[in-house]
Amino acid sequence: MERDSLLAHGSAFLLQDRLLNCSDYTQAWICKGCGSFLSTTHSIKKIGFESQVRCRRCAKPASGFEQAEMVWEDGNGGRFVGGADTTIIAVPYVLKYLDVELAAMGIAMKFNIAP
């Protein structure tokens, strides 16, 4: 039984090491709410504020009555509120590439990100 356990853990580590760490390891921003790589974008830096990564799919268009700290802008001049539930994760780059290719065919991937 112990031998089987060691084999199982060793093979999982070997697969992670060879297929992730040594081949195409990358860090990517992902939205926890909608589970998408593709909808995250950097907000435009404002004076006194840091640039943050936000989700455009989860954000709502700004109506103009929000506080200035709540509103963020994308690179195209759009103003949004919300979408701050993003995190950075380690994934193989080929997974991001697969997500883009499937999105081009109209297939959306959703990733469940749990703490």
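A pocket here is an open set of grid points with protein on both sides within 12 Å along at least five of seven lines, and its lining residues have an atom within 4 Å of a point. The model is predicted. The protein has 2 helices and 7 strands, and its largest pocket has a volume of about 160 Å³.

**Fold and dimensions**

- Read from the N terminus, the elements follow the order α-β-β-β-β-β-β-β-α.
- The protein is more spread out than a compact globule, because its radius of gyration is 19 Å, well over the 13 Å given by the globule rule for 115 residues.
- Along the principal axes, the C-alpha atoms fill a box of roughly 65 × 35 × 25 Å.

**Contacts and surface**

- Of the contacts between residues at least 6 apart in sequence, 53% join residues at least 24 apart.
- Of the 115 residues in the protein, 24% are buried.
- The protein exposes about 8,200 Å², and 59% of this area is supplied by carbon and sulfur atoms.

**Largest pocket**

- The lining of the largest pocket includes Ser 43, Ile 44, Lys 45, Lys 46, Phe 49, Glu 50, Gln 52 and Arg 54.
- Ala 68, Glu 69, Val 71 and Trp 72 also line this pocket.
- By class, the lining has 5 nonpolar, 5 charged and 2 polar residues.

Key
Residues are numbered from 1 along each chain as its sequence is written. This is a predicted model: local features need pLDDT of at least 70, side-chain atom pairs count only at pLDDT 80 or more; totals for chains, interfaces and linings use all residues. Side-chain values use heavy atoms; hydrogens and water are left out. On a 1 Å grid over the protein atoms alone, a cavity is a set of points where a 1.4 Å probe fits but cannot get out, and a pocket is an open set with protein on both sides within 12 Å along at least five of seven lines; lining residues have an atom within 4 Å of a point. Grid points are joined across faces, edges and corners, and a volume is the space filled by probe spheres set on the points. Ala, Val, Leu, Ile, Met, Phe, Trp, Tyr, Cys and Pro count as nonpolar, Asp, Glu, Lys and Arg as charged, and the others, Gly among them, as polar. Helices (H or I, at least four residues) and strands (E, at least two) are DSSP runs, numbered from the N terminus. The radius of gyration is taken over C-alpha atoms; the globule rule is 2.2 Å times the number of residues to the power 0.38. Buried means under 20% relative accessible area, exposed over 50%, partly exposed in between (1.4 Å probe, protein chains only). Contact means heavy atoms within 4.5 Å. Accessible areas come from the Shrake-Rupley method with a 1.4 Å probe; for residues, only the protein chains shown count as cover.
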